[in-house]
Amino acid sequence: MSALYRYLLTSVLLSQRYLPPTLIFLAAMAVGTTSDNGPLQSSYAFCVLAMLVCTTWLAVSVVNHEDPTQRKITVVTVGSSLRVLTATVAVVVTWCVPLLVIGLVYPIVTGKHTVTAADLAVGAAAQLGAAMTGIAIGLLCSRLVVARIGVAMLAAAAAILAVLLVRWMSPIRPIMTVLSDEKPAGANAVPLTLLAVVSAILLTAAVLATKVLADRKE
Amino acid sequence: MEVVRLRKVSKRYGRREILADVDLGLDAGELLALVGANGSGKSTVLRLMVGLSQPSAGKVQRNARVVSYVPDVFTSHDRLSASAYLRHMGRIRGLSTRAARDRSLELLDRLALAGGADTPMRKLSKGNAQKVALAQALLDPPQLLVLDEPWAGLDATAHSTLRDLLTEAADQGAAVAFTEHSADVVRSTATRVCELDRGRLTTVHRPADLTELHLIPGAGLDWDHHPDVLDVRRTDAGVVLLLPTGRHDAALLTALNHGWSVVTVRQVKPE
């Protein structure tokens, strides 16, 4: 599995497909959180939104990176499409780690906030939850499930809007509600951790659903 | 030892039936050629063998741990070089870094691609990309080696090298299955030939059981779409048809009834 992960990571890094969503994330951070003097958790709510869009795009880019025929070879070599998909998700999650660190640190560096360890924990849990939800959407809108890129883009945009607007459709809306309720970070740590766990479950379900739907097309 | 067995396998995509009741086994050391017209289901059989596709009915039993697959067209937009890609594939197969590197270079050398080893995959020509696909399949001695039209796009040197590589793999105990349209290649490589006709396995025979008819044309006959004809070759002196022995009588009769003349009828032996 580690050899497969290294192969996919190297291939994606050389492709530079991670650049557009990363630049969008950085631009969103610069526009939305620079010189923000309000509550830190409100800045993190904006980071959640940026992370959701960025990880959806990133997941689609990384999954679509391998050509279909090349992917068939990889699947046969590894012996399981689920393992290939899991390694692909691991590559996306790896790239999310530096973004998450930037999302945590950038608002602190550029704004005027009183920072506690609880604030950082809450910000990390919230952005992790957003990242996993974004990856889940990206998987289900990737070429493995939706063959046409135009349809996939529309589906991804619709899914992002849906998870932002519909209250209990995903953990995103509850995460943003919790971050905006102006309670102290310590009080929000437990619900946000639980929401991150729900996001992890959602991502696992998306991986399995993508595997089943992709296999059915063969 | 039987490496893979398709038992009464059918495959449907929606209402379209691709395969019907295919019963086919493949033994270690065997070189099986699947022949048939375009759309007859050959590639589907191969995908079922390696587990890329699941049957709609029936069962596929595989007794192989190391499985290799070469698709009909290998495309890549990867910026990885050919040698780096092969090293990664070798590592995924469990080879050490050194073994993966050495074996990659050896295969690239044999396939006359050593000079292009550092070329990014996305810049490889169709033929060279095909060589990379073949090399990855042979990195680790496979127990089951499945290739979809592997000779497509290869130059003459690589053509014969591939035949040697497949024979070597079979000699080492691999069960090899491939599709191919060229009767010459089938004759010179396969130890068994299976013919598919619109999703049904119609004939299983040895290449030695093929008959070549050399005819001089008479009235119009469409041999290209004749169900028994495996290959049609047009020469200055007429038309050469390749058919399974036993089926050639009917074709011969048809030809004579349409005013065609027979030059030779000969049983074809493997080269």
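1. Helix α1 of chain B is largely enclosed by the rest of the structure, because eight of its nine residues are buried (20 or more other C-beta atoms within 10 Å of a residue's own, with C-beta atoms placed from the backbone). Those buried are Lys42(B), Thr44(B), Val45(B), Leu46(B), Arg47(B), Leu48(B), Met49(B) and Val50(B). Just past α1(B), Gly51(B) has a positive phi of about 90 degrees. Helices here are DSSP runs of H or I, at least four residues, and strands are runs of E, at least two, numbered from the N terminus.

2. A word on the source: this is a predicted model, where local features need pLDDT of at least 70, side-chain atom pairs count only at pLDDT 80 or more, and totals for chains, interfaces and linings use all residues. Residues are numbered from 1 along each chain as its sequence is written, while chains are lettered from A and ligands numbered from 1 in the order in which they are written.

3. On to the chain contact: chain B puts in 24 residues and chain A 19 (in contact means C-beta atoms, placed from the backbone, within 7 Å). On the chain B side, α1 (42–50), β5 (67–70), α2 (82–92) and α4 (126–137) each give at least two residues. The largest share, four residues, is from α2(B).

4. In chain A, α3 (residues 40–65) and α5 (residues 81–110) pack at about 155 degrees with axes 10 Å apart (axes are lines fitted to C-alpha atoms, for helices over the stretch in contact, and angles run from 0 to 180 degrees between N-to-C directions). That makes α3(A) and α5(A) roughly antiparallel (angles over 145 degrees).

Terms used. Angles under 35 degrees count as roughly parallel, over 145 as roughly antiparallel, 65 to 115 as roughly perpendicular and the rest as oblique. Two residues are in contact if their C-beta atoms, placed from the backbone, lie within 7 Å. A residue is buried if 20 or more other C-beta atoms lie within 10 Å of its own, exposed if 12 or fewer, and partly exposed in between; C-beta atoms are placed from the backbone.
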